[in-house]
Amino acid sequence: MKLADAQRWMPAVSAALALTMLGLSLGFRLMGLDFDAGTLQHPDERFLLMLISQVAWPPSLGVYFDSASSPLNPFNIPGVTFYVYGNLPVFLGKAFTDLSIPLGHFGLAFPGRVLATLTDVAVLLSVFFLTRKLFTDRAAWLAASLYGFMVLPIQLSNFFAVDPFLCLFLTLALGRAVDVVRDTKLKTAAAMGGWWGCALASKLSALSFTAVILTAGWVIFRRRGWRSGMSIVLAALASAALVFRILNPYAFSGIVSLDPRFLEAFRILGETHKVEAWFPPSFQWIDRTPLIYPLQNLALFGVGLPLFVAATVGMVMTLSRCRKHVDDALVVVLVWLVSVFASVSVLHVQSMRYLLPAYPVLAILAAHALDTSLRVRVALPWRAMPVIAVVGASLLWAYAFSSIYRSPMTRVSASKWIHEHVPPGSVIGVEHWDDALPLRLPGFDAEKFKRLELEPVAPETPEKRERLLQQLASVEYLIIASERGYASVARLPDSFPVAIRYYEMLFDGSAGFRLVADISSYPRLGGLIIRDDLAEEAFKVYDHPRVLIYQKSPTFSLEKVARELRALELPQPAWNPHGGGVIRELIPGRL
């Protein structure tokens, strides 16, 4: 084929390839919506769906805005005293559920997860259009494909939680911010503020977008004076405030006064996130290096190293263009990326999902770097190598993690194993602060077993130690439903010497229990298993926790276990998160 003929066919081939990439992205998000058999293992999803099932549409607009009486207010549901997310995801979930519930075959989770998937697809489209504004059409297709293959967005779109909504509204707001610094129109600033208001009505962490608003105002101030800059900022703030007041009405008890229940929920949240507080879900964050830990998880698991490297290169290239004043819109984009990272760095909880609003920008920057590589004056095959390597690696990374959703969830498989192998009436030990197995599944009677709840993460006292010994004497099986217990206490050796030694003895067999089932669902590529044991807890336990089932063996000796545990010196005080012991990872061996 002649060069001219090849060039004539290139646009069609590129379009077909891009559409294939988008189709694969959608396929990854729709794969295995019922992978957990409707058991709802994500706590946020459980809570939000519970709210949606109990709230009701108010009879009038006046009742809608009346926080004390509105049936749509989560705080008016009996027993609900703690809710720190915005009202908008509940409204959207309720509306979508009411419209689509006949399509659901496993309850409210089906429409909720479909809505989350559609929301994340909207993020992908927003990435495409935003990249096209900033760079080229080719970069736009690359950015959309790269975002489509990012593992964390795929994972989060499999659950009905607030994160996809927050990411969408902030990405749309960022798109309008780019427009603002180019056209300096008040209506564009109002649109930017409106999308920001939607993000705030989803989760208050969107306050970090304030940096973008101020940067847009500063850019316009430098070009057109303080009045223009101030007008843009005020228009955005006013629009955001109005939208937030309308779409998050239950933060208020009056027109502008805040509801005491709303304030109390955030006070409680702040207390639980203090290092001094005894709150087991927060143990995993103690002594983590600020920002480094979530960035490490982002690079290794959330996007994969090749894409992360490409995004880093793209960030350096974009920073260079900003220094040369090539495009002020790029300043806004970089400020947003830095703002997301900075806002997470000051938090005690360093979850990688808090960085989700940065993922669209990372896709855009990586696409810019790859698109630039295609314009280097070398032979075409060599020019294409970075694109093939990064896009191909990202596709394989997404495919590897999608294996989780092509298989039954580990806790579902473990529950069936228990019903098939554990005699009815057996005494099984489950762990506090974790989901108790077996799960309630259709056709199985979960009540035919006697459960004892062990508390490995309770403060270490003589009473806790003796209670653990009594329970070990009684149980016939121990069910470790995830790493929540053993991985958390391993980070606090001075606070949990008994729990750590108990786990060590359990895992090495010296406790007198035999490992009879090790049920895992690691990401895989053919025969290659990608072990993500060192990834953040939340990245694993909601969709592919490793489940360990131990059976008491004839060699069990209560005296031996008691001798080991009673020989340990208990911490004084019982809860001492500042002990300064050597933090380590406790990972059980395999069969």
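Okay, let's start with Val151, which is buried at a relative accessible area of 3%. Keep in mind that this is a predicted model. Val151 sits in helix 7, residues 151–156. So what is Val151 in contact with, leaving aside its neighbours within four places in sequence? The list is Phe301, Gly302, Trp397, Ala398, Phe401 and Phe539. And look at Gly304: that residue is 153 residues away along the chain, yet its C-alpha atom is 8.1 Å from the one in Val151.

Next, Ser282. This one is in the loop between helix 12 (260–272) and helix 13 (292–302), and Ser282 is buried too, with a relative accessible area of 5%. Its side chain reaches the backbone oxygen of Thr272 at 3.5 Å. Beyond four places in sequence, Ser282 is in contact with Thr272, His273 and His348.

Now, salt bridges: the count comes to 29. Take Arg182 and Asp327, whose side chains meet at 2.5 Å, N to O. Arg182 belongs to helix 8 and Asp327 to the loop between helix 14 and helix 15, so the pair ties together parts 145 residues apart in sequence. Arg182 is partly exposed at 40%, while Asp327 is buried at 15%.

There's also a local one, Glu264 with Arg267, closest N and O atoms 2.8 Å apart. Both lie in helix 12, three residues apart, about one turn of the helix. Glu264 is partly exposed at 33%, and Arg267 is partly exposed at 44%.

Last item: Arg46, Arg411, Asp434, Asp435, Arg484 and Glu537 are linked in a salt-bridge network.

How values were computed: Residues are numbered from 1 along each chain as its sequence is written. This is a predicted model: local features need pLDDT of at least 70, side-chain atom pairs count only at pLDDT 80 or more; totals for chains, interfaces and linings use all residues. Side-chain values use heavy atoms; hydrogens and water are left out. Helices (H or I, at least four residues) and strands (E, at least two) are DSSP runs, numbered from the N terminus. Buried means under 20% relative accessible area, exposed over 50%, partly exposed in between (1.4 Å probe, protein chains only). Contact means heavy atoms within 4.5 Å. A polar contact is a pair of N or O atoms within 3.5 Å; within protein, one must be able to donate a hydrogen and the other to accept it, and residues adjacent in sequence count only if both atoms are side-chain atoms. A salt bridge is a side-chain nitrogen of Lys or Arg within 4 Å of a carboxyl oxygen of Asp or Glu.
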